[in-house]
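Subject: Structure for you to look through

Dear colleague,

Here is the structure I promised to pass on to you. Please open it next to this message, and keep it in view while you read the notes that follow.

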Amino acid sequence: MDPLFLVFVVPLLGGFVLAACGHRPYARDVNVVFSSGTLLAAVWLTVRVVAGGPMFALDQLFFIDPLNVFLVALTAFVGLTTAIFSRPYMRVEEDKGKMTPKRMRLYHSMYQFFSFTMLVALTTNNLGILWVAMEAATLTTVLLVSVYRTPASLEAAWKYFILCGVGIAQALFGTILLYMAAERVIPQGSDALLWTNLAAVKAHLDPTILSIAFVFLLLGYGTKVGLVPVHNWLPDAHAEGPTPISAVLSGLLLNVALYAVLRCKVLTDGALGPAFAGNLMLGFGLLSVVAAAFFLSRQRDVKRMFAYSSIEHMGLMTFAFGMGGPVANFAGLLHMTVHSLIKSAIFFAVGHATQKAGSQIMDDIRGLIKVSPTVGWGLMLGSLAILGMPPFGVFASEFLILTTAMRQEPWATPFLLLALGVAFAAVFGRVQPMVFGATELKPLAHPPALLPVFLHLGLGLMLGLYIPPYLSDWYQQAARLIGG
Amino acid sequence: MNALISQLVNLFAAVMLILAFAMLSQRRVITLIHLFAMQGLAVVGATTVVAYVTHQHHLYYSALLTLVLKVFLIPFLLHRVIDRLNVKWDIETLFNIPTQMIVGIGLVIFAFNVSLPIARFSETISRGTLGIALACLLLSFLMMITRAKAVPQVVGFLAMENALFFAATSATYGMPMVVELGIALDVLVGILIMGVFMFQIREQFESLDIRHLEKLKED
């Protein structure tokens, strides 16, 4: 059996199995088992790719290269740790009566289907399938956002559905235009949407069509990345859904959407040179960083605050890839990795903290360090890490992005520094009393899952201090692939 | 012969555009669904003609898929939903229909301007229609923005899908079959989820007015 198949067949199977038994008490463990299976397949795939280079499957419909293999591994890994985190978390939610067995079944089954759609989006070679998988990822999560059936969660889910639906429709229009440009160069019908075929002839694609197509693609997939001004769905969906879903949305789905943009950027660069797509991404990225930092400072809900922080970081990555060049691309890829590790760790800690306090409003969460020192430290260290404190990995990537910006786009540096400063003051000022303030909160009935939090933070720390040579090799190859 | 047939495609395109305007100004929910089904029929007609002229057999399949999905199944599901939710004879108060129309005309002009430089590359018989497809897409956006009820928003969403499908036929000879099947599956699952949603919204707010859904705002 080909590992490239296993990596998405396992979660697909898991989705069906859990659709049948997801309401039983052991479903939590079944969910973890399937997620571990996905991770094992991803590791096997990674080993194969490291040994044998890029590979194809199913008549070139799926492929794996240096750019997507590390995202597949990351997605499978965070998928597993989130499944581990969700065991105690969802049990508490059940005890509180917020989740019924029927909803648990929906939750477990959709969790696996969601992993499936993301892994298909990452491994597919066909830009049309990429679109289908991105849309399917929205569809699988939209019912999870509204799973609590509160008015606010219904509103968030409706907004998520409609806004992402509109956004993704633009991406489809862009894909159609791309196909049109491709058909003029590659005659044999259905192969003209295969990315590898397009990349081979990218210099011959028509620049006029490609420029218009990229605008639509960037706006479309950018909606899912959460770029300002098409970000409105993101804070609501993150705040109102169950916390494990916020963690995977923030840590994984946004990455997959950015990955889609990158694939399209490579083609556009081939036809138009790096300036066109790069400048658009620079603009949207910078706008997202600055706007998100100011929105962030005005939040009262802890999950909304970290959702805006995700917008900020996705903006930073978009900015980095917009600058282009080996260093900025390397930094962007590193930032993708550490952001998804650290941000999901933060959501894990925040999840336990909000369950303790029974509220997501930051003023109600106080003194975590006394009630549960590990959750408190997890949140504190996670926040410091995401704010770019050394020695965590975010510092390394942000440092690289900033120094490259000073060289290549000096005008943008003051805005970036200002935004990072505002975000630092806002997040640190909020998190500090949440961790150290005085409190009367009580401990939880089920012990929190802390392994995922500290595993992620540990990896984030390691990437800040030491990037293993094969990993940095990998980043460099991927950076070259996207035009470094 | 060819000139006549390409006129036929243009005719279908024009019908689509007129229907898009009609949907924009239609206040009755049930008529809106009829209009949507008619628009689906126009897409089917255009696709069949293109398939006939170009001998692209997969286009027949996709025309059939559209016929089943967008002319029969989805309107049928929508009829059932509005029946069960008792909103069949609902009339929405729409403000400023003339202004909406003028904005719509502006969008059409914009769409034609955007697609002008690309349309000349299109080698299909339906080259002039890419602008119309984009115009229909933008008109559906406008409809989704201006409507305050859930069902018309959903119809707007589906009309957008029609426009995209039409764009695929007019810019190229349709997308590859596997992609088209995937898109059809997404649309079908999407409409089912939307149906579930409408019942949940109704249960929670006792109305399908999206204006209730405006609590989540920045302070």
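A:Arg149 is partly exposed, because its relative accessible area is 31%, and a residue counts as buried under 20% and as exposed over 50%. Please keep in mind throughout that this is a predicted model. A:Arg149 sits in the loop between helix H5 (127-145) and H6 of chain A, and its phi is near 60°, which is a positive value in a residue other than glycine.

You will find B:His55 in the loop between helix H2 (29-54) and helix H3 (57-84) of chain B. Is B:His55 buried or exposed? With a relative accessible area of 60%, B:His55 is exposed.

Which peptide bonds of chain A are cis? The bond from A:Val228 to A:Pro229 is cis, with omega near 5°, and the bond from A:Pro390 to A:Pro391 is cis as well, with omega near 10°. A:Pro229 belongs to the loop between helix H8 (207-225) and helix H9 (233-240) of chain A, while A:Pro391 belongs to the loop between helix H15 (373-386) and helix H16 (393-408) of that chain.

**Chain A as a whole**

Chain A contains 19 helices and two strands. Its radius of gyration is 21 Å, close to the 23 Å that the globule rule gives for 484 residues, so chain A is as compact as a globular protein of that length.

Of the 484 residues of chain A, 67% count as buried, and the accessible surface of the chain comes to about 14700 Å², of which 67% belongs to carbon and sulfur atoms. If you take the contacts in chain A between residues at least 6 apart in sequence, 81% of them join residues at least 24 apart.

**The inside of chain A**

The largest nonpolar core has 248 residues, and within it A:Leu177, A:Tyr221, A:Phe306 and A:Leu379 touch the most other members. Helix H6 (residues 151-185) of chain A gives the most to this core, with 21 residues. Apart from this core lies another one, of 19 residues, among them A:Ala320, A:Leu416, A:Leu420 and A:Val422.

Leaving aside its neighbours within four places in sequence, A:Tyr221 is in contact with several residues, including A:Leu127, A:Leu130, A:Trp131 and A:Met134. Its contacts also include A:Ile168, A:Ala171 and A:Thr175, as well as A:Ala257, A:Ala260, A:Val261 and A:Cys264.

Another residue to look up is A:Gly278, whose place is in helix H11 (residues 274-296) of chain A. A:Gly278 counts as buried because its relative accessibility is 1%, where the limit for that word is under 20%. Not counting residues up to four places away in sequence, A:Gly278 touches A:Lys265 and A:Gly322. The C-alpha atoms of A:Gly278 and A:Asp2, which are 276 residues apart along the chain, are separated by 36 Å.

**A patch on the surface**

Which residues make the nonpolar surface patch of about 280 Å²? A:Trp377, A:Phe436 and A:Phe454 make it. Of these, A:Phe436 lies in helix H17 (residues 413-436) of chain A, and at 37% relative accessibility A:Phe436 counts as partly exposed.

**Chain B as a whole**

Chain B has seven helices and zero strands, and from the N terminus on its elements run α-α-α-α-α-α-α. The radius of gyration of chain B is 18 Å, close to the 17 Å that the globule rule gives for 219 residues, so chain B is as compact as a globular protein of that length. Its C-alpha atoms fill a box of roughly 55 × 35 × 35 Å, taken along the principal axes.

Of the 219 residues of chain B, 58% count as buried, and the chain exposes about 9500 Å², with carbon and sulfur atoms supplying 67% of it. Among the contacts in chain B with a separation of 6 or more, residues 24 or more positions apart account for 77%.

With best wishes

Notes
Residues are numbered from 1 along each chain as its sequence is written. Chains are lettered from A and ligands numbered from 1 in the order in which they are written. This is a predicted model: local features need pLDDT of at least 70, side-chain atom pairs count only at pLDDT 80 or more; totals for chains, interfaces and linings use all residues. Side-chain values use heavy atoms; hydrogens and water are left out. Patches are made of residues with over 30% relative accessible area and no salt bridge: like charges are joined within 9 Å, nonpolar side chains (Val, Leu, Ile, Met, Phe, Trp, Tyr) within 5 Å. Accessible areas come from the Shrake-Rupley method with a 1.4 Å probe; for residues, only the protein chains shown count as cover. A salt bridge is a side-chain nitrogen of Lys or Arg within 4 Å of a carboxyl oxygen of Asp or Glu. Helices (H or I, at least four residues) and strands (E, at least two) are DSSP runs, numbered from the N terminus. Buried means under 20% relative accessible area, exposed over 50%, partly exposed in between (1.4 Å probe, protein chains only). The radius of gyration is taken over C-alpha atoms; the globule rule is 2.2 Å times the number of residues to the power 0.38. Contact means heavy atoms within 4.5 Å. A nonpolar core is a set of buried Ala, Val, Leu, Ile, Met, Phe, Trp, Tyr and Cys residues joined through side-chain atoms within 4.5 Å.
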